[in-house]
Amino acid sequence: MKFICLVSESKEKIVANLANFAYDPFNYAFMRQLNVLELFLDCITEPNERLVEFGIGGVCNSCVDPANASVIVQCGGIPLVIQCLSSPVRNTVTYALGALYYLCNPSSKKEILKPDVVRIIREYAAAGAVNTSFSNMANAFLDKHVDS
């Protein structure tokens, strides 16, 4: 059991470090070349909430770049990001809102702006007293992609 815990902890550390590298535009091409974006998406499907958190964090950090966003969309990332909106982990939800903000464009709007997704984002926007970061991120998304 201790070995399994160490392996899981090592995976978490590696994905967390890769997610931090995803902030830097210098690393974008390397991340695509090494399939790190696909690794982030795989982490979102794991039962380990920390891997999900770090995976969606990596997606959020990297999808600012249009080429990275395109890879994420082509690899079926939008439904994975949307499912993170219902996570019990606050960071996971915040990263998902940020990722959707950058992933939403004319070619992906139909997949993202489904009524259920917009409803959830509106609920987060209205939750200002409970969680300001959710509310701010959700309002930014709505202002740019829904209410504009």
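The mean positions of the 12 positive and 14 negative charges of the chain lie 2 Å apart. Here Lys and Arg count as positive and Asp and Glu as negative, while His and the chain ends are not counted; each charge is placed at NZ of Lys, CZ of Arg, CG of Asp or CD of Glu. This is a predicted model, in which local features need pLDDT of at least 70 and side-chain atom pairs count only at pLDDT 80 or more, whereas totals for chains, interfaces and linings use all residues. Residues are numbered from 1 along each chain as its sequence is written, and side-chain values use heavy atoms, with hydrogens and water left out.

**Confidence**

- The chain has a mean pLDDT of 93, and 95% of its residues reach 70 or more; pLDDT is the predictor's confidence in each residue, from 0 to 100.
- Confidence is lowest in helix α1 (residues 2–21), where the mean is 80.
- It is highest in helix α6 (residues 77–83), at 98.

**Overall build**

- The chain has 10 helices and zero strands, counted as DSSP runs (helices are H or I of at least four residues, strands are E of at least two) and numbered from the N terminus.
- In sequence order the pattern is α-α-α-α-α-α-α-α-α-α.
- The radius of gyration is 15 Å, which agrees with the value near 15 Å for a compact globule of 148 residues. This radius is taken over C-alpha atoms, and the globule rule is 2.2 Å times the number of residues to the power 0.38.
- The C-alpha trace spans about 50 × 35 × 25 Å along its principal axes.

**Surface and contacts**

- Of the 148 residues, 45% count as buried. Buried means under 20% relative accessible area, exposed means over 50%, and partly exposed is in between (1.4 Å probe, protein chains only).
- The chain exposes about 8,100 Å², and carbon and sulfur atoms supply 59% of that area. Accessible areas come from the Shrake-Rupley method with a 1.4 Å probe; for residues, only the protein chains shown count as cover.
- Among contacts with a separation of 6 or more, 64% are between residues 24 or more positions apart; contact means heavy atoms within 4.5 Å.

- Ser 62 lies in helix α4 (residues 49–62) and counts as buried because its relative accessibility is 0%.
- Beyond its neighbours within four places in sequence, Ser 62 contacts Ala 22, Tyr 28, Leu 37, Asn 68 and Ile 72.
- Tyr 95 sits in helix α7 (residues 90–103) and is partly exposed, with a relative accessible area of 24%.
- With neighbours within four places in sequence set aside, Tyr 95 is in contact with Glu 53, Ile 56, Gly 57 and Cys 60.
- Tyr 95 and Gly 58 are 37 residues apart along the chain, and their C-alpha atoms are separated by 8.6 Å.

- Phe 30 belongs to helix α2 (residues 28–33) and counts as partly exposed at 40% relative accessibility.
- Asn 35 is in the loop between α2 and α3 (36–44), and its relative accessibility of 44% makes it partly exposed.
- The phi of Asn 35 is near 60°, a positive value in a residue other than glycine. Most residues other than glycine have a negative phi.

- Lys 110 is placed in helix α8 (residues 109–112) and is exposed, with a relative accessible area of 76%.
- Lys 110 and Glu 53 are 57 residues apart in sequence, and 25 Å apart in space from C-alpha to C-alpha.
- Ala 129 lies in the loop between α9 (115–125) and α10 (132–145); its relative accessible area is 84%, so Ala 129 is exposed.
- The C-alpha atoms of Ala 129 and Asp 147 are separated by 22 Å, and the two residues are 18 residues apart along the chain.
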